[in-house]
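Reader: I have not seen this one before. Can we go through a few points together?

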Amino acid sequence: MFTRKHAIAAFAVLAGLALAGAAGAADNGRTYDLGTPVTHETFAKWDIDVPPSGKGLPEGSGSVAQGREVYAKNCASCHGEKGEGGPMNRLVGGRGTLASDSPVKTVGSYWPDATTVFDYVHRAMPFTAPESLSAHQVYAVTAYLLHLNGIVPADATLDRESLPEVKMPNRDGFVSPDPRPDTDNTACMEDCGD
């Protein structure tokens, strides 16, 4: 009896054969004009990650005062008025708790690199509209969060040159390469080969 399960399996086999045939045909010099070529401009829109070194930070700058305004409008509803936490994670405090039975992992206590704060906010925040903040706004929010954690002064302005120079309290709390015996990965944060 030919059931729905058999039909799905048959379709999967046929689809696999079609894909394999298309791949083989492409290897023989034939193309089928499927899809859209990715341009350098299109790829540049996706290539926005920032490693600890700060390589790839965009032009722009933002101050603590500007960050306070951007944070109030875009972040406080989830993370609390001053980063103390709300429905989402706490962003402020926790210094000295990482070795305790109740560690509090925040921007100020746990994160080893200030550039990582910029990278995360730039790519993933605000939660309801990721990548909607300008580079200036992200520098400002980063400055504000670092100020709330006592890392930069109230008059700080951050940009692509100054942000990588910020020394985070837990900068030496991460070990590289990973000393665990079950890992043998090569660190790839600066030059991953092109």
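Reader: How far is the sulfur of Cys78 from the closest cysteine sulfur, and which residue holds that one?
Author: This is a predicted model, and in it the sulfur of Cys78 is 8.4 Å from the closest cysteine sulfur, which belongs to Cys75. That is too far for a bond, because a disulfide needs the two sulfur atoms within 2.5 Å.

Reader: Is Cys75 buried or exposed?
Author: Cys75 is buried, at a relative accessible area of 12%.

Reader: And what about the relative accessible area of Cys78?
Author: For Cys78 the value is 23%, so that residue counts as partly exposed. The cut-off for buried is under 20%.

Reader: New topic, helices. At what angle do helix 5 and helix 6 cross?
Author: Roughly 130 degrees, with their axes coming within 9 Å. Helix 5 covers residues 114–124 and helix 6 covers residues 135–148. The two helices are therefore oblique to each other, and their crossing is right-handed.

Reader: Which residues make the contact?
Author: From helix 5 they are Ala114, Val117, Phe118, Val121 and His122. Helix 6 brings Ala135, Val138, Tyr139, Val141, Thr142, Leu145 and Leu146.

Reader: How many of those are nonpolar, polar or charged?
Author: The contact of helix 5 with helix 6 has 10 nonpolar and two polar residues, and no charged ones.

Methods. Residues numbered from 1 in each chain as written. Predicted model: local features only at pLDDT ≥ 70, side-chain atom pairs only at ≥ 80, totals over all residues. Heavy atoms only, no water. Buried < 20%, exposed > 50% of the residue type's maximum accessible area, 1.4 Å probe, protein only. Axes fitted to C-alpha atoms, helices over the stretch in contact; angles between N-to-C directions. Helix = DSSP H or I, 4+ residues; strand = E, 2+ residues; numbered from the N terminus. Parallel < 35°, antiparallel > 145°, perpendicular 65-115°, else oblique. Left-handed = near helix turned anticlockwise from the far one by under 90°. Contact = heavy atoms within 4.5 Å. Nonpolar A, V, L, I, M, F, W, Y, C, P; charged D, E, K, R; others polar.
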